[in-house]
Each structure stands twice: as C-alpha cells, then as structure tokens.
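Please open the structure in a viewer and keep the selection panel at hand. The stops below are arranged so that each selection leads to the next.

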Amino acid sequence: MANQVPLVSYLVLNNEPHLVAHECVRCGARYFDRRNACAACFGTEFRDADVATEGEVRAFTIVSRAAPGIEVPFVSAVVDCDGTSVRANIINTPPDPEHVSLGMKVRLATYSMGKDENGTEAIGFGFEPAA
Amino acid sequence: MSAMDEIWILGIHMTKFGKHPDKDLVDLGVSAIHGALADGGVTMADVGVLAVGSTRGGGGMGQQLQKQVGQTGIPVYNVTNACATGATALRTAIMAVKADEADVGLAVGVEKLAGAGLLAGADRKEDSEVWEPSGRYGAVAEVDGRIGTATMPGVFAQIGMEYGHRYGGTSFELFAKISEKNHFHSTLNPLAAYTKAMSAEEIMNDVMIAYPNTRPMCSANCDGAAAAVVVNGAKLKTLSKGQQRRAVKVSASILTTDPWEEACQILPNVNTLTRNAANQAYEQSGVGPEDLDLVELHDCFATAELVHYDNLMLCEEGGAPDFFNSGATWRDGQLPVNVSGGLQSKGHPIAATGIANIWEVCQHLRDEGKQRQIEGAKVGLAHVIGLGSACGVHVLEKAAA
Ligand SMILES: [Zn+2]
C-alpha cells in the first residue's frame, strides 16, 4: 500500500477500505472536511468515526453535462450509510434509470485512478449495487 | 403597527430578460433604476439608501450605477447572496427604511449571463502531475465528477429525487409537466427570455442535462435587471392619491439561512430554510397559504418547483405531486404559480431574479398584469433561494382602495 494515496483523506485504504468521518464529541454530528468547529453545537472536539460501508441510495441524478474532463454520463448520489449521509458516484453499473433506483442497496467500492510521475497510485471510491 | 413601521413598494421595474449584447451591466441597471423611479414618481434626490446586487459584476456595482444616475452621497450596500441576491438587496433597503435611517430606499439587481452555460462546476482544474493532498478534504485530484456533481442541474435533480424517495408520486414525466406549465405561462409574458410553449413530450425529448432535468427544465441564463423603490407608511401618506393607490404593501420580508441538519453538507437542504422563511412570513404578515392569490417561487429547475410547493406549505406535507396534478398551479388553477414563466422560461439573471419576481406579483396586485392578469389578485408571495444557502420570502398585498 506504500505507493497508494486515497482520493480524499476520509477514505481509509486497508484490507477493508472504508470512509471515516470527523464526529463531534459533544453532539455526534459527522463531517468529512477539516473542521474548525461543529456547525450544530459549536463544539471544537472531534473524534474519528468509521462510516458503514453499506447503504441505500436516497437521491441520485445522472449527469450528462459537466465540466470538460469529466466523463459523462455518470451517476451522482446521496447514500444513506446507516444514518450517515455520503456523497458519491454510483459505479460498476450502467448509468441509466433502469440500473439505478431510489432505495437501491449499495456498498463501497474502490478503483484505481492511475499513477502519477512518482509511481504513486491514487485510489478513488464509489458505491456499487450490493445485490 | 404605526405607519412608520409599514413598508410599501412605491415603484418597481424589470427590464426585458434575454440577450442584451449591446448593453453592459451599468446600462441594464440604469434602465431598471430609471424605470422604478419613474414608476414610483420620485427621483434620486428622494432616495436615502441604495442596495445593489450583482453576482458577477465585480465590486462596487452600486457606485458604478450612482455615477450614471446620481451621486448624491447616500450610503450604498453592495450585496451578494447567490440566487437570493436580489431579495437580499431589497431586504437591505427595507431594513434601512424600517430602522428609520431613510424614508425612501432603492434596491437593484443586475446580471449578464446570456450564453454562460453551467455556472457551477464549470471551472474544474486539471489534475496535477503529482497526487498530493490539498484543501479541506485532503483531495489529491478534482472531486467534481468523481465524488458526485458540483453542477446546479445535478444538485437540484437530486433534491427532487430525494423528495420522490421520501414521499413517492414523482416521475420524469411529472417534472416535465411542471416545466410545460411554466413554458406555457411565459407565452403571455413579453418580458420573458423565452415565450414558446413546449409540450411535456418535447421537454422530455430535449437535451438531457442531469436526469431528470432536461435543458428546458433548467433555469435559462440570460441578461436582465430589476429595481424597486420602497418607502415607509409615513412617507407614503405625504404622496399623491395615485401613488398611494398603486403602492403595494410588503406585509412580510424575510431572509433565512439553512440550519444544521444531518446531510446538509452532503446535499444542500433547500427545504428547511424555505419552510422556516415561509413560517416567519406567514406569522409576520398574518396571511396564510390559503389567502394567496398567486406565487412566484424559485423554479431554478423543474425538480425545485415541486419541493417548494411543499416547503411554502401550499399543499399538505408530501402532497406536492397530487397538488400539481390537480391543476392547482396553472394560471387558471386554484393557486397559480409562476405565471411569469418562472426561471425556466422567463429566465434567471441571478441577481435580478429576487426583485423581478416581486415585480411580477405587483403587476397583478395593481391590476396591471394585462393579458396575464390573475383576476382579483389581492395577496401574493415571492420566494427565492440561493444555494449555500439563503432564502428570501416576501408577502405582498394590494393597497386598500
Ligand atoms: Zn456538535
């Protein structure tokens, strides 16, 4: 794994890749970005919390028009991972309304984004159909 | 409530929305200002405070406008609040008048967006040569397109889909029919950017942007400006009978932001802040949703219009699809929504929108709506939302004869 980096720091790459949230110690609110304080209770202490790797699609769209460099169409979704909402693409299934539906069960999946000039491989994530 | 506390729209104007290649932001803003001052029967010499919004005009748009219409030395507030910028400018002028710092205020929103394309998610950076974490997510590469979408059509598509997941009753066709309604409404609005009726079938077969939003279901980027002159009740009493008769009462002027809720930093929650603004507006005005004769709401996408029926409490919770399917929101329905054509067809020059929707309501309350007049309209509501988020709601009432 030495030559791998995650797309974002909240993706943990080990034997069981998963997402980790910053959880407010006082109120339990979860965030994925670097925090200054909690938007819910103003607390400033956070701990790491593992996010469930399985979830349910609560909302999605199939994006056909995007900035240059983005492969379209792709599916953007909000996945409810046991009470923690996650933004991600739905991957490993055709991006059309016949293959993606509201309420569908999905699980975290990772993929290679390629190597940089130093030979370091970036790993991205998405959610794929669980059934 | 004393006359001093009352707020009235004395004059209001919107330019034609669409393409104005031969006019710059200042030209458009001046048109709106001159129109609003003439409509209200006042001049820049009467105005005590100016609030100006333009999201892409750079700084100092207020001063740039003053240099053309009158440098009287009054305070200028240059404001931005995404798509709620116009409503924020109006709210700023209203606050100054309410605070008795001025008895006449002027609010302006101006934008040039014709041909702008995707407004967010359009300036994606190239991936760098080396995977190196940066920013608040420690991202080694651009996340737009890899971790969901940053585009507005995609964000609002998900907002509509989420409503469908929670309550049921939505479909691609339902969203297309909402757009069909607004495009039909625009055929009666000569100031709209687009005035062509489109069938739901045509809309569904148009270019897909972000399912279920096709191109005609997205707000139309265009150029335009709108301006409003507001006065307090004491000032209005000193003006002519004609000015008093045409003045429109601002019964509520509300601005909210989104309170923290689970998921709100994953997918913007446009629901709670709109519901909060509506609740405050109904409370402040003493008007309920059942009293409204028309509504101009922020249909930046067809998927957005649906959720706002519910957020503004125009229907029962979860009942937005049934409410729309009943025909209620067509111009001959029980509660016409977006008779101007809405953002999808009238167009959406961002900072102008939050004043132009009030202009539309005023036309009807003044009985000046011509071919699209909603007969007997006495009370209306105007709503805008800017992602990030900010929500403006204004309740407007016809002057007592
Ligand atoms: Zn907290």
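Two strands are taken to pair if DSSP finds at least two bridges between them. The model toured here is a predicted one.

**First stop: a hairpin in chain A**

Select β7(A) and β8(A), which run antiparallel and are joined by 7 bridges. Within this pair, V79(A) has V86(A) of β8(A) as its bridge partner. The two strands form a hairpin with 2 residues between them, and D82(A) in the turn has a positive phi of about 55 degrees. Is β8(A) mostly covered or mostly uncovered? Of its 7 residues, 6 are buried, and β8(A) is thus mostly covered.

Select next P73(A), in the loop between β6 and β7 of chain A. The peptide bond leading from V72(A) to P73(A) is cis, and its omega is near -5 degrees.

**Second stop: two loop residues of chain A**

Select F42(A), located in the loop between β4 (30–31) and β5 (46–51) of chain A. Its phi is positive, near 75 degrees, although the residue is not glycine. F42(A) counts as exposed because it has 10 C-beta neighbours inside 10 Å, the limit for an exposed residue being 12 or fewer.

Proceed to N92(A), in the loop between β8 and β9 (105–115) of chain A. N92(A), likewise not a glycine, has a positive phi of about 60 degrees. With 12 C-beta neighbours inside 10 Å, N92(A) counts as exposed.

**Third stop: where the chains meet**

Display both chains: 42 residues of chain A are in contact with 39 residues of chain B. On the chain A side, β6 (54–63), β7 (74–81), β8 (84–90) and β10 (121–129) each supply at least two residues. Which of the strands gives the most to this side of chain A? It is β6(A), with 6 residues. By class, the side of chain A that touches chain B comprises 24 nonpolar, 11 polar and 7 charged residues.

V63(A) has A210(B) of β5(B) as its bridge partner.

Select the 9 strands of chain B that form an open sheet of mixed pairing, in the order β3-β2-β4-β7-β1-β8-β11-β10-β9. Its edge strands are β3 (76–79) and β9 (294–296), each of which pairs on one side only. From one strand to the next, the twist averages 25 degrees.

Within chain B, select β10 (residues 379–386) and β11 (residues 390–398), antiparallel strands joined by 8 bridges. A382(B) is the bridge partner of H394(B) in β11(B). In the loop between these strands lies S389(B), and a cis peptide bond with omega of about 5 degrees joins G388(B) to S389(B). Helix α9 (residues 270–285) of chain B lies across β8 (248–257), β10 and β11, running at about 145 degrees to β8(B).

**Last stop: a buried helix**

Select α13(B): 16 of its 16 residues are buried, so the helix is largely enclosed by the rest of the structure. α13(B) bends by about 25 degrees at A356(B). D367(B), which follows α13(B), has a positive phi near 65 degrees.

Residues making the contact include T85(B) and L90(B) of α3(B), and I350(B) and I358(B) of α13(B). The contact residues divide into 7 nonpolar, 5 polar and no charged.

Methods:
Residues are numbered from 1 along each chain as its sequence is written. Chains are lettered from A and ligands numbered from 1 in the order in which they are written. This is a predicted model: local features need pLDDT of at least 70, side-chain atom pairs count only at pLDDT 80 or more; totals for chains, interfaces and linings use all residues. The bend at a residue is the angle between axes fitted to the seven residues ending there and the seven starting there. Helices (H or I, at least four residues) and strands (E, at least two) are DSSP runs, numbered from the N terminus. A residue is buried if 20 or more other C-beta atoms lie within 10 Å of its own, exposed if 12 or fewer, and partly exposed in between; C-beta atoms are placed from the backbone. Two residues are in contact if their C-beta atoms, placed from the backbone, lie within 7 Å. Ala, Val, Leu, Ile, Met, Phe, Trp, Tyr, Cys and Pro count as nonpolar, Asp, Glu, Lys and Arg as charged, and the others, Gly among them, as polar. Axes are lines fitted to C-alpha atoms, for helices over the stretch in contact, and angles run from 0 to 180 degrees between N-to-C directions.
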